[in-house]
Amino acid sequence: MLELPRIIAHRGASASAPENTIAAFRAAAAAGATYVEFDSSLTSDGRPVVFHDDALDRTTDGTGLLAETSFEIIKHLDAGSWFGPRFAGELVPTLEEVLEALADLGLGFNMEIKPDRGREAETARMSLTAVADIWPTGAAVPLISSFSRASVAVAKDSGAPWPRSFLFDRRPEDWREIGETLALFGFGANHTHLDERQVAEIKDAGYRLSAYTVNAPERASLLFNWGVDAIFTDDPAMMLRSIP
Ligand code: G3P
Ligand code: MG
């Protein structure tokens, strides 16, 4: 059974280290977080790497689309310098490397399957296979999530044993049907579009609810008061200090 902590480090501790890098996951552990969120995406040749954007430009010294770039190119990119000189040489980690690092750090995780258009099923399959192969039995239960209904469906239909959540920006009209069809553990919502009534309805229907991305402690308190179970934050150290 998954006991979701209230504070989840979004892309690692991404306020203090470059997002979705091993440095960010180490920083999350140092901050006292117990769970991290990260994004799993495929290179052009189908290798799962931990990376958020469609394009390489914002967070690496590369250019173009991740989905159109081979792992041979990706593995040499600098994914740290954009954040600060002391992170120069930080790499785009493979999913395998991230899972091994999290196991070593004693962290649990929420893997967000982040497919490019057309590879929803493949991205889910490759990402779930890596978790099945690497994640130690008895370690913290992972949460598997996606904005892609097709990716979450693969997680369900593959028989993977981990709980699933469906992510949305604005709550879809058919959220109850989605929850039932995908046999969800919960939903992950953009907090800026959430209101108290929506939270109550989702909670009354028996789902866990997480909210992204919350970096103001006052907002986190309000969301928790409404009944939100967990927040994704870029600054887990600050949030853990502010929200006991
Ligand atoms: O999983 C919650 C959150 O990470 C979803 O949005 O764009 O930060 O991946 P994004
Ligand atoms: Mg994400």
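Trainee: Among contacts between residues at least 6 apart in sequence, what share joins residues at least 24 apart?
Mentor: This is a predicted model. Take the contacts in the protein chain between residues at least 6 apart in sequence. The share of them that joins residues at least 24 apart is 56%.

Trainee: How many helices and strands does the protein chain have?
Mentor: Helices and strands both occur in the protein chain. The helices number nine. The strands number nine.

Trainee: Why is the protein chain as compact as a globular protein of that length?
Mentor: Start with the rule: for 244 residues it gives 18 Å. The C-alpha atoms fill a box of roughly 50 × 40 × 35 Å along the principal axes.

Trainee: What percentage of the residues is buried?
Mentor: Buried means under 20% relative accessible area. The protein chain has 244 residues. The buried ones make up 55%.

Trainee: Which elements give two or more residues to the lining of the largest pocket?
Mentor: That pocket has a volume of about 300 Å³. Its lining holds 19 residues, and D54, K114, P115, D116 and R117 are the closest to its centre. The elements asked for are β2 (35-42) and β4 (108-113).

Trainee: How many residues of that lining are charged?
Mentor: Divide the lining of the largest pocket by class. Seven residues are nonpolar and four are polar. The charged ones number eight.

Notes: Residues are numbered from 1 along each chain as its sequence is written. Chains are lettered from A and ligands numbered from 1 in the order in which they are written. This is a predicted model: local features need pLDDT of at least 70, side-chain atom pairs count only at pLDDT 80 or more; totals for chains, interfaces and linings use all residues. Side-chain values use heavy atoms; hydrogens and water are left out. On a 1 Å grid over the protein atoms alone, a cavity is a set of points where a 1.4 Å probe fits but cannot get out, and a pocket is an open set with protein on both sides within 12 Å along at least five of seven lines; lining residues have an atom within 4 Å of a point. Grid points are joined across faces, edges and corners, and a volume is the space filled by probe spheres set on the points. Helices (H or I, at least four residues) and strands (E, at least two) are DSSP runs, numbered from the N terminus. Ala, Val, Leu, Ile, Met, Phe, Trp, Tyr, Cys and Pro count as nonpolar, Asp, Glu, Lys and Arg as charged, and the others, Gly among them, as polar. The radius of gyration is taken over C-alpha atoms; the globule rule is 2.2 Å times the number of residues to the power 0.38. Buried means under 20% relative accessible area, exposed over 50%, partly exposed in between (1.4 Å probe, protein chains only). Contact means heavy atoms within 4.5 Å.
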